[in-house]
Protein chains: 2
Amino acid sequence: MGVRRTSFADMPCAIARTLEVVGEWWSLLIVRDAFLGVTRFDDWQRRLGIARNVLAARLDRLVEEGVFERRRYQDNPPRHEYLLTDKGRDLAPVLQALRSWGDHYAPTPDGPTTVLVHDACGHAARPVPHCSACGERLGRDVHVEAGPGAVDPAFVGAGRPADR
Amino acid sequence: MGVRRTSFADMPCAIARTLEVVGEWWSLLIVRDAFLGVTRFDDWQRRLGIARNVLAARLDRLVEEGVFERRRYQDNPPRHEYLLTDKGRDLAPVLQALRSWGDHYAPTPDGPTTVLVHDACGHAARPVPHCSACGERLGRDVHVEAGPGAVDPAFVGAGRPADR
């Protein structure tokens, strides 16, 4: 809020461009709460304890980016609710990855406060990444290479991490 | 830098606690570059175009949190490099989820600048989440429930999102 910071929007990197949309402090917690059913300004404000001007700015930006759709649900006085779009719902894997890491490395004292349930099997689930090409489980046996849009393939890096 | 902001560390939520560690502007791009092989201050500084004091603060914090290990590689003058720990390398799924979303919703004009390659099969891969319980692919057929550590199960939310 009011603090100028470098934009990631023009960086030729999908991670940077995603962070440009959802990487501001609070934004992913706002999206998290939307997955839990929150749609109204006052509910976010109460749950997050966030300053109203910051919340308004974050919601405006997420609407502008197409993560939320703003819908009027009352005319007099005018009141709006905020619904996740498909683009917003597709952030679920980002939240799940953050949750999995936090459950392991920054656990809450009494265990997870929320669990993800897979409707099809009815069990608590962690997302386990599999390879889209061969279908096998993806572990640490992956590396990153320059893609077709690489401006300078050398940008990809100083080679493979020395400590792999 | 110098801007006070709410800490997420005490929130009873694994997502918030993860963002407390890696959610500051720049932190995940620093970790991204580490996966690409960057280990030295000047290389990050040049690649990211980040202010030196901000980079120093972010690296200090990531070392303090155990995401990086600081190692002296030269004595005179003293020089250090920063290596991802296991805790840091386990952020790979977070970066992969951000990359997948960005490839779809915030693509670079000429295609992805980097691709993830699965060493075992040799193909470019997207991580596809599968259920840890039943092994099937996880789609949108998931929901979140209160876990054992929930302070107030009602905190989980206003029920299931209305627009699922």
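On conventions, residues are numbered from 1 along each chain as its sequence is written, and chains are lettered from A in the order in which they are written. Because the model is predicted, local features need pLDDT of at least 70 and side-chain atom pairs count only at pLDDT 80 or more, while totals for chains, interfaces and linings use all residues.

Now the interface. Contact here means C-beta atoms, placed from the backbone, within 7 Å. Chain A puts in 87 residues, and chain B puts in 87 residues. On the chain B side, α6(B) gives the most, twelve residues. Helices are DSSP runs of H or I with at least four residues, strands are runs of E with at least two, and both are numbered from the N terminus. That side of chain B divides into 49 nonpolar, 20 polar and 18 charged residues, where Ala, Val, Leu, Ile, Met, Phe, Trp, Tyr, Cys and Pro are nonpolar, Asp, Glu, Lys and Arg are charged, and the others, Gly among them, are polar. The copies meet through the same surface, because 99% of the interface residues of chain B are also interface residues in chain A.

Last, the strands. Strand β3 of chain A, residues 114-118, pairs with β5(B) in the antiparallel sense over five bridges; pairing requires at least two DSSP bridges. Opposite A:His118 stands B:Val142 in β5(B).

Key:
Contact = placed C-beta atoms within 7 Å.
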